[in-house]
Amino acid sequence: MIAWDQALAAPRDPAPPLPSDRDALLRGFHPDHAPGAMERLRVGVSAGQPCPAALADLLQSNALVEDVDIAGRAMREAEVLVLGGGGAGCIAALTAARDGARVLLVTKLRMGDGNTVMAEGGIQAAVGAEDSLQRHYEDTLRAGHFRADKALVAAMVRDGPASIRWLIQQGMGFDLEEGEDRIGGHLLRKKPGGATAARLLSFRDYTGLELMRVIREAVLLTPGITVLERHPVVELLTDPHGRCAGAVLLELGRREIVLARAGAVVLATGGAGRLHLNGFPTSNHYGATADGLVLAYRLGAGLREVESFQYHPTGIAWPPHLAGTLISEAARAAGGLLFNGLGQRFVDELAPRDVVAAAILREIAEGRAAAREGCEGVLLDTPGLEAANPGILAKRLVTLSHLAHRAGFDPAREPFLIRPTLHYQNGGIAIDAEGRTAVPGLFCAGEASGGLHGLNRLMGNALLELVAFGRRAGAAAVEAARGDRPRGVGLTHLAAWERGLVAAGLPLDRRAPMVFPPYGNVDLAAMLRQRVAA
Amino acid sequence: MMVLTDPALRGLALDGYLASAGHGLRAALRDPGAIIPVIEASGLRGLGGAGFPAHRKWAAVAAAPGPGRWIIANGNEDEPGTFKDRFLLAETPHQVIEGALVAAVAVRAAQVALYVNPRDAATVAGLRDAAAQWAAHPLLAAVSAAVGEAVTLRVVESSGLYIGGEETAAVAAVQGGFPFPSLKPPFPAQHGVHGAPTLVTNVETLAQAGHILEKGADWYRGLGIGDAAGTKLFSLSGDVLRPGLHELPMGTSLRSLVFDHGGGMLGGRGFKAVFTGGPSNTLLTERDLDVAMDFDSLRARGSRLGTGAMIVVGEGTSILRKTAEYVAFFAASSCGQCPPCKVGTFQVARLLERLEAGSGGPGDLEALRNLAALLPGSGRCGLVDGAATVLASSLATFPAEYQRALR
């Protein structure tokens, strides 16, 4: 470990790093491969699959509510119920409403409070003349170590150009090439880490925020969508045939249970960063507690690649109060270099994220990291970037500069101290190309779903996924919701689930979903106790 | 305790079945006149739910004059929580047919209809296959000889609806008509299929008959506990650890069924009540845990054994929601002939749904109480009575759950 002053003083050598064996690097230093990090699921349709222990505890838990809790409760009706108010959920809701469905969009926090707004780097789509859908497809599969579902990846990359056109039609802005007129200009394309072509489209370094801005407005202005904010879902409802037919919601304001019945349900509840797997800080928002995974799994939806999480290489290591906050990959895509405490480059900065993250963890483990006030990490050379591209920090990397301001230093003079941060759930609920899960009536889109990214996600594919599959799931849900209103809606699936827990020798008193992280100021257990007493 | 559920009785091959079973039918053929007395001595009751002494029904058909007599083996079974007949028909078709042929010999009926719910296509196909094997077997020729004319064994698919299991509705359906119940009398025993004397009997009752003829009335009586005779298939479901079909001595206590055979309450929840099949009877509660589950003991407690379906409700499950679910089933199952049933079950279901959805008021509760008092006895079959009974019972036993749901 090298003291901060020494690390700053060390001359930074821009010579390319020595190549290293990627597989050995991942096996040795990626947190997914840490000894004891995984256990095997013991109950449910994906029993036998490896899964991080903290997530397995939640997946193999008992429900928060039971039948008596839903008796005599107000029932809201919709044709399509969308769970989650991030990008995927809002786009699914918008698509379903435009297809003529009555849509109820419910969200744990507020609309847009999610990870979509934190997507900084951009969105991938093969729109360049020298690029192709085939290259995008191959890049995605290769980065995911060939574990992604080929049909899903093909669907996503095929939707790429149309998704960008759709976003522009919604009013979203994109960066244009230098010197181009605003009208008729060409989209600025950057080369994302792990890709073979310049394919990353962006809006400054807050692409996701810009996306969410226009989608949120569209949702609010679309008749046929009712939005319920601060209504976390605590259980899914089924009809007697096991079809998903709605959800049990907890209205945080009045602390009451509300039921929503629907012909089809789209689950877009995002990821699990707030589980802080392996003790890592996270870039994720406050609500990323794997609720959707827990509920869908309990109902019989299969999971895939849940053992695989993405640790973003460039999370803030210092100052501690911002630990885990994301620094966009745009900084590296624009040419920002990483140095260890000795002033050496140690990895190709544009290698896939899992490789870069593992390399940083190797530097830390092997004592070549820099340390500032006890926080260890490596240097993201923003001064070097500014020197090579004058003005880039102020114009293109706005969020990064803002972050430095909050941390109390000038990024043009001082580098960031960074280390990997728990960023993305690569796997999730298994879906088909229309967003269908194994449970009839239940659809899934966005980070909660699995199969698009294999064991590692390319930057820019998360935004593309949520647009492509938000639209696919929304449209498919409308189709599924046509027909009779679901009848006999209840919690019939819970008894079988409990019997499964008993048979596997698992405790019955562990309750999930988590809804809020344990260090928050919401005591869900107390809230539910109060509800039972009422 | 395995009489009906003996693994040796399972399978589709008739030769395999007759190698180890079929002794009851052979005994019946040796002495047809002894069948009904043996059934009487055995204490066999109608196991479809009514518990009517089997020998009286059989004797009535045997004594009724007229040609073209019928047996209807009733396997319509559609009520929530009951799944015994589908087991017998799917797993032990020859056991059921043997019993039906014993009855055919006893009442001299040449037309035997296996009247089954078409819900499971594989079961229906299996039964047709089983019937065809019997048609080619010399044992059926012996049955024909005993009856006095050629016995025809046929599979008749029911409408699959609950009401089709009522005996007069079954007769109508076998005749090719709409499965509507009709007023009684006349009873099917005198005036059944095409006006001929007809024995309509649940398949579980028939299945028992073969074993009784084989092993004797005393053996059968001895299987039961106390005064009760034989065994019963209990369809156990709800908040228990191990739901499923349990064949137990008639007269087994509810406590033993739930806590020994059912593995106890799911998740260690408190016991609240049991809806008995199906589910149209007075609720059993904690004070009934030690009551013997047989027709007479439960009737003495103001409830009924019914089909032997026991839907267990624990703390954590709402009686109001369960009652609403079952009344909604009855409302959807009403054939609509009798206005009080058609309108009454619909209104009760609507009021319960309002309460259950949190939009009901005290007036709705009052209306439910009135309907519970008004409706019984107003239909030509028992459907409306069942709906009213389960409503009245849940209102009387769990008033707090209804109060809590009021706006």
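In which sense do strand E19 of chain A and E21(A) pair, and over how many bridges? In this predicted model, strand E19 (residues 428-430) of chain A and E21(A) run in the parallel sense, and two bridges join them. Within this pairing, Ile429(A) stands opposite Ser449(A), a residue of E21(A). Both strands belong to an open sheet of three strands in chain A, with the order E13-E19-E21 and mixed pairing. Strand E13 (303-304) and strand E21 (449-450) of chain A are its edge strands, each pairing on one side only.

**Contact between the chains**

Chain A contributes 15 residues to its contact with chain B, and chain B contributes 16. On the side of chain A, helix H4 (67-70) and helix H16 (493-503) are the elements that give two or more residues. H16(A) gives the most, with four residues. By class, this side of chain A has seven nonpolar, three polar and five charged residues.

In soluble globular proteins, nonpolar side chains tend to be buried together. The largest nonpolar core here has 297 residues, and those with the most contacts inside it include Val265(A), Ala477(A) and Ala104(B). Helix H15 (residues 461-481) of chain A gives the most to this core, with 13 residues. Leaving aside residues up to four places away in sequence, Val265(A) touches several others, among them Leu81(A), Leu236(A), Cys244(A) and Phe443(A).

**Domains of chain B**

The domain assignment divides chain B into three parts, as follows.

| Domain of chain B | Residues |
|---|---|
| domain 1 | 7-223 |
| domain 2 | 231-314 |
| domain 3 | 319-404 |

Taken over C-alpha atoms, the centres of domain 1 and domain 2 of chain B are 27 Å apart. Their contact takes 14 residues from domain 1 of chain B and 18 residues from domain 2 of chain B. The side of domain 1 that touches domain 2 has five nonpolar, five polar and four charged residues.

**Helix H8 of chain B**

Helix H8 (residues 138-147) of chain B has Leu140(B), Val143(B) and Val147(B) as buried residues. These three lie on the same side of H8(B), because they cover an arc of only 50° around the axis. Which helices do the buried residues of H8(B) pack against? The partners are helix H2 (23-30), helix H6 (93-107) and helix H7 (121-135) of chain B. After H8(B) comes Gly148(B), whose phi is positive, near 105°.

Terms used
Residues are numbered from 1 along each chain as its sequence is written. Chains are lettered from A and ligands numbered from 1 in the order in which they are written. This is a predicted model: local features need pLDDT of at least 70, side-chain atom pairs count only at pLDDT 80 or more; totals for chains, interfaces and linings use all residues. Two residues are in contact if their C-beta atoms, placed from the backbone, lie within 7 Å. Ala, Val, Leu, Ile, Met, Phe, Trp, Tyr, Cys and Pro count as nonpolar, Asp, Glu, Lys and Arg as charged, and the others, Gly among them, as polar. Two strands pair if DSSP finds at least two bridges between them. Domain bounds come from an automatic or database domain assignment. A nonpolar core is a set of buried Ala, Val, Leu, Ile, Met, Phe, Trp, Tyr and Cys residues joined through C-beta atoms within 7 Å. A residue is buried if 20 or more other C-beta atoms lie within 10 Å of its own, exposed if 12 or fewer, and partly exposed in between; C-beta atoms are placed from the backbone. The arc is that of the directions from the helix axis to the C-beta atoms.
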